[in-house]
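Please open the structure in your viewer and keep the selection tool at hand.

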Amino acid sequence: MTAYLVRNVSVVGGAPTDLLIRDGVVAETGAGLAAPDATVLDATGLVALPGLVDLHTHLREPGREDAETVESGSRAAALGGYTAVCAMANTSPVADTAGVVEQVWRLGREAGLVDVQPIGAVTVGLAGERLAELGAMADSAARVRIFSDDGHCVADPKLMRRALEYVKAFDGVIAQHAEEPRLTEGAQMHEGEVSTRLGLTGWPAVAEEAIIARDVLLAEHVGSRLHICHVSTAGSVEVLRHAKARGVKVTAEVTPHHLLLTDEKATTYDPVYKVNPPLRTADDVAALRAALVEGVIDIVATDHAPHAVEDKECEWAYARPGMLGLETALSIALDVLGPQWDLIAERMSRAPARIAGLDGHGLDPAPGVPANLTLVDPAARRVVEPAELASRSRNTPYARMTLPGRIVATFLRGEPTVLDGKAVR
Ligand SMILES: NC(=O)N[C@@H](CC(=O)O)C(=O)O
Ligand SMILES: [Zn+2]
Ligand SMILES: [Zn+2]
């Protein structure tokens with residue numbers, strides 16, 4: 001195994017130092033380290049972060065390998081600075097059995113570019129009718145701890161209650177896609193001024209807020225852990241603030257796109273901007289940014305949702321919702337938050353690793369710590385070129401935008417997965 005001597009790097013924004021990576025761990029830190037056998041990387045001007053952790057990734061395998069595979073999504077993740085991703089269960093077949101979660105977990109190991117932690121479905125086939133075999137998935141080789149019907153809401157309150165109760169035994173968490181289905185029938189975009197102007201059926205903020213309010217009360221009642229996927233409205237932030245003040249065990253995520261883009265994008269009628277929950281208003285964006293800084297929202301999660309060209313380059317009403325995220329998330333965070341490295345490390349690595357219970361991830365580079373880390377060039381600017389993305393899909397909303405920051409290198413347990421901004425394999 002090659003040793004790496006990373007010279008003059010700022011660890012999470014601190015004063016420049018050297019990092020010696022050997023045998024899978026950070027062996028030493030300090031100025032002027034010597035290691036004759038090590039490959040030297042001059043990291044002057046670069047920032048080292050704990051490897052990013054994505055709690056919400058769609059990999060599309062099994063079933064839609066034309067849109068993404070575990071391997072292509074893992075490569076996109078590594079290029080984005082990630083060392084671990086949690087793979088959502090809305091594959092085909094659905095990841096609702098020990099067999100399917102073990103298959104995804106094994107494919108992740110074979111690709112070997114990031115740790116792929118499968119998420120299990122809450123209900124059989126995501127149909128919202130009966131609980132999936134949560135215990136069998138938890139006991140499987142994949143050791144599933146997060147369960148989600150993402151793409152669908154667990155709308156039945158009794159099923160949601162039972163799921164919350166069930167996972168308590170192994171400290172599991174239910175990740176809810178908060179969308180009251182009766183309030184979003186036929187919805188195409190955020191319900192507001194723009195949807196009225198365009199004559200498109202609206203997805204009202206209350207459809208999200210009502211489910212979050214219900215579920216924080218359920219989680220409080222049964223004393224279980226709840227996670228809210230892709231929070232998108234100012235009202236949701238207020239519900240979460242209230243729940244956290246009461247001590248409810250709830251965590252929440254926001255996506256890069258909900259931190260940057262608004263429903264005005266729908267006026268282009270370009271379906272690349274169609275996503276669930278929909279892009280909201282500038283006031284929502286401001287509230288989400290403030291909540292992320294304050295900690296009412298715990299983490300940034302990408303909701304990387306690759307879709308094949310035929311599912312995206314069609315009429316708005318027929319396009320699938322979802323956008324790519326893994327290869328641009330750090331740049332968007334840097335754009336939105338500025339160089340607040342400790343905050344970025346917390347919201348994009350430490351906190352998601354804690355929520356997912358991923359050992360060895362989310363730890364700042366320090367002696368003895370597994371070398372899961374990424375090196376960022378904050379001064380670089382890049383133009384997003386869809387054809388150059390490692391994802392099998394092209395549905396990025398940032399095409400041809402100039403974004404700050406570039407991932408120079410990523411290490412997974414001491415082995416580079418990205419060097420010089422390029423995937424090693
Ligand atoms: N976010 C999306 O718009 N789409 C996701 C599903 C989801 O996250 O709800 C997908 O699987 O494509
Ligand atoms: Zn969702
Ligand atoms: Zn999703």
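Which residues are around ligand 1? They are His58, Asn90, Asp150, Gly151, His177, Val275, Asn276, Asp303, Ala305, Arg320, Pro321 and Gly322, where a residue is near a molecule if its C-beta atom, placed from the backbone, lies within 6 Å of it.

Before continuing, note that this is a predicted model, in which local features need pLDDT of at least 70, side-chain atom pairs count only at pLDDT 80 or more, and totals for chains, interfaces and linings use all residues. Residues are numbered from 1 along each chain as its sequence is written, while chains are lettered from A and ligands numbered from 1 in the order in which they are written.

**First stop: the shell of the ligand**

Colour the shell around ligand 1 by residue type: 3 residues are nonpolar, 6 polar and 3 charged. Here Ala, Val, Leu, Ile, Met, Phe, Trp, Tyr, Cys and Pro count as nonpolar, Asp, Glu, Lys and Arg as charged, and the others, Gly among them, as polar.

**Second stop: the annotated positions**

Next, select His56, His58, Asp150 and Asp303, which an unreviewed UniProt entry annotates as "binding site". UniProt positions are given in the numbering used here, feature names are shortened, and annotations may be inferred rather than shown by experiment. These residues span 248 residues in sequence, yet no two of their C-alpha atoms are more than 9.8 Å apart, so they gather at one spot.

Centre the view on His58, in the loop between strand E6 (52-57) and helix H1 (70-79). Helices (H or I, at least four residues) and strands (E, at least two) are DSSP runs, numbered from the N terminus. Is His58 buried or exposed? His58 counts as buried because it has 28 C-beta neighbours inside 10 Å; the term requires 20 or more other C-beta atoms within 10 Å of a residue's own, whereas exposed means 12 or fewer and partly exposed lies in between, with C-beta atoms placed from the backbone. Not counting residues up to four places away in sequence, His58 touches Met88, Asn90, His304, Ala305 and Pro306; contact means that the C-beta atoms, placed from the backbone, lie within 7 Å.

Move to Asp150, in the loop between E9 and helix H4 (157-168). Asp150 is also buried, with 25 other C-beta atoms within 10 Å. Leaving out residues up to four places away in sequence, its contacts include Met88 and Asn90, both of which His58 also touches.

Two strands pair if DSSP finds at least two bridges between them. Strand E14 (residues 250-254) is joined to E15 by 2 bridges, and Val254 has Val300 as its bridge partner.

**Last stop: strand E5**

Finally, select strand E5 (residues 47-50). Val47 and Leu49 on one side, and Ala48 and Pro50 on the other, are all buried. In a regular strand the side chains alternate between the two faces of the sheet. E5 runs parallel to strand E1 (residues 4-11), joined by 2 bridges, and pairs in the antiparallel sense with strand E16 (residues 373-383) over 4 bridges. Val47 stands opposite Ser10 and has Val376 as its bridge partner in E16.

How values were computed. Contact = placed C-beta atoms within 7 Å.
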